[in-house]
Amino acid sequence: MLERGVRNPGHGTEQFGLGGARAVHWNLIEPELYEFAISRGEAEFTSGGALCAETGAHTGRSPKDKYIVFDDETKDSVWWDNNGKMTSGQFQTLLNDFIAHCAGKTLYAQDLLAGADARYGMRTRIFTEEAWHALFIRNLLIRPDRGDLSKFVPELTMLCCPSFKASPERHGVRSETVIALDFSRKIVLIGGSSYAGEMKKAVFTTLNYLLPAHGVMPMHCSANVGPQGDPAVFFGLSGTGKTTLSADPHRTLVGDDEHGWGPQGIFNFEGGCYAKAIKLSAEAEPAIYATTQRFGTILENVVFDPLTRVCNFDDGSKTENTRAAYPLHFIPNASKTGRAGHPRNLVMLTADAFGVMPPIAKLTAAQAMFHFLSGYTAKVAGTERGVTDPEATFSTCFGAPFMPRHPSVYGNLLRSLIAEHDVSCWLVNTGWTGGKYGVGQRMPINVTRRLLTAALDGTLKQEFFIDPYFGFQVPAEVNGVDSRLLKPRETWSDKQQFDITVHKLLQMFRENFAKFENAVDEEVRAAAPTTQHRPMT
């Protein structure tokens, strides 16, 4: 077998059973990975210097094809209502078949770190059969010093083979696509999908399982730090503005997606960003756009002119989920350490397409836990005939697909950290005002930024009133903001329709939270929005 590149000669392919591979290229850097990806027809150069790859049939994650091994370690600790099961025997058969599949193939290996805090990080080795996947994960995780690679011993090993096809009969899976995680042996197998995000989220899922036992809260959030050394974290589902609002030129970006909160403060799990590229423009998001014009960035499913190689980020014909993956240092104001102190502010973002939530609200610790466990946002009405209403989406902990433990584990840990460090908690609605989607308007981004800036810098100290429906505190007025926006009912021309809509959403909240009621205390249960109208105070 041909092996080239920097590696630990005492802990290589044989320890994982991959001695039958034809060649393994260890820890190659960008130019060589570009050359392999292009020569093998995996990807193409774009005019700005980025490498663009297509992911085929899978343009997003396949959550229904994700499985965790059920064994003595996990049987009582994994939230099985939310996670697929695989027996140890099925996983071993799958692993054997993956190894056999790799015989005679060329593989690319990257030795990387998951977690900027060495006390809680995880040495991670990823074997891929595509060169561009090696570059992707090299961009997304943290690169150790080159001098440390000769003694690198992995804690987590991942094998990513898009050409491998799982067998439902043989492996006990649903389809030919499989993402299998064995937490006891710390092995991840990914087959049947070229969507690179599966690798990133498999690492996140593993950390989500391991870290709570060490008193570290894993979070699906972005994070930044203000000029006064004041960290803030931003939770939010897709489309709520998590990446956009955390990319503040006046604050240092710690990371855009995955963090831990431990005894010493917050730390990024990653060394890169995986930003949505659809509708990306230099005017609206200059820092992110600039990364797409650089050598080293990976673009996924972005349409470009075959002659000029100029990207058309407005074209969603392949998928709306186009992506750009780049190292964090491509962002000018990014943190060099990936670490910060304890958050002073915690922001939960929601895009309320029902148009009934205020643009900002201050939460108690119990309310923060309620909304964290709820993980609410709303999708706009689809194109299906007759569908005119927004669709409520509840993804607990703002990342249900990546939560192997019961949500109450994360919720209780978050609540204790909020109380211990006296963190101010905010709910920010980046959705609609003046009516639901199709009637009202999107909350002006300048209003959101003004309110958020005031919350983070401590100047949002005006008089607050209690929202009569959701029960949280809302500022009565803020300089430069139309005070009607702070009282959503006043923005609706049809007040009766507002009352119908808000009660509909409140009922959705209560029905969704029913599954968590037995896992939380009375204070959190009492933090739920009420369908009983309260007087405005």
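Predicted model: local features only at pLDDT ≥ 70, side-chain atom pairs only at ≥ 80, totals over all residues.
A crossing of two helices is called left-handed if the near helix is turned anticlockwise from the far one by less than a right angle, and right-handed if clockwise. Residues are numbered from 1 along each chain as its sequence is written, and side-chain values rest on heavy atoms, with hydrogens and water left out. Helices (H or I, at least four residues) and strands (E, at least two) are DSSP runs, numbered from the N terminus.

Helix H3 (residues 131-140) takes part in two helix contacts. With helix H1 (residues 30-39), H3 packs at an angle of about 150°, the axes being 8 Å apart; axes are lines fitted to C-alpha atoms, for helices over the stretch in contact, and angles run from 0 to 180 degrees between N-to-C directions. H1 and H3 are therefore roughly antiparallel to each other, on a scale that counts angles under 35 degrees as roughly parallel, over 145 as roughly antiparallel, 65 to 115 as roughly perpendicular and the rest as oblique. The crossing of these two helices, H1 and H3, is left-handed. On the H1 side, Glu-30, Leu-33, Tyr-34, Phe-36 and Ala-37 meet Ala-131, Trp-132, Ala-134, Leu-135 and Arg-138 of H3, contact meaning heavy atoms within 4.5 Å. By class, this contact of H1 with H3 comprises eight nonpolar, no polar and two charged residues, where Ala, Val, Leu, Ile, Met, Phe, Trp, Tyr, Cys and Pro count as nonpolar, Asp, Glu, Lys and Arg as charged, and the others, Gly among them, as polar.

With helix H5 (residues 197-210), the axis of H3 comes within 9 Å and crosses at roughly 40°, and the two helices, H3 and H5, are therefore oblique to each other. This crossing of H3 and H5 is right-handed. His-133, Phe-136, Ile-137 and Leu-140 in H3 meet Gly-197, Met-199 and Lys-200 in H5, and the contact of H3 with H5 has four nonpolar, two polar and one charged residues.

Nine strands form an open sheet of mixed pairing in the order E1-E2-E7-E8-E9-E11-E10-E5-E6, two strands being paired if DSSP finds at least two bridges between them. Strand E1 (2-5) and strand E6 (84-87) are the edge strands of this sheet, each pairing on one side only. Within the sheet, strand E9 (residues 156-161) and strand E11 (residues 187-191) run parallel and are joined by five bridges, with Met-158 opposite Val-188 in E11. H1 packs on this sheet, where H1 touches E1, strand E2 (23-26) and strand E7 (106-114), and the direction of H1 makes about 140° with that of E7.

A further open sheet, also of mixed pairing, is formed by five strands in the order E3-E4-E18-E21-E17. Strand E3 (43-45) and strand E17 (272-276) stand at its edges with a single partner strand each, so one side of each is left without a neighbour in the sheet. Strand E4 (residues 51-53) and strand E18 (residues 298-300) run parallel and are joined by three bridges, and the bridge partner of Leu-51 in E18 is Ile-298. H1 lies across E3 and E4, running at about 115° to E3.
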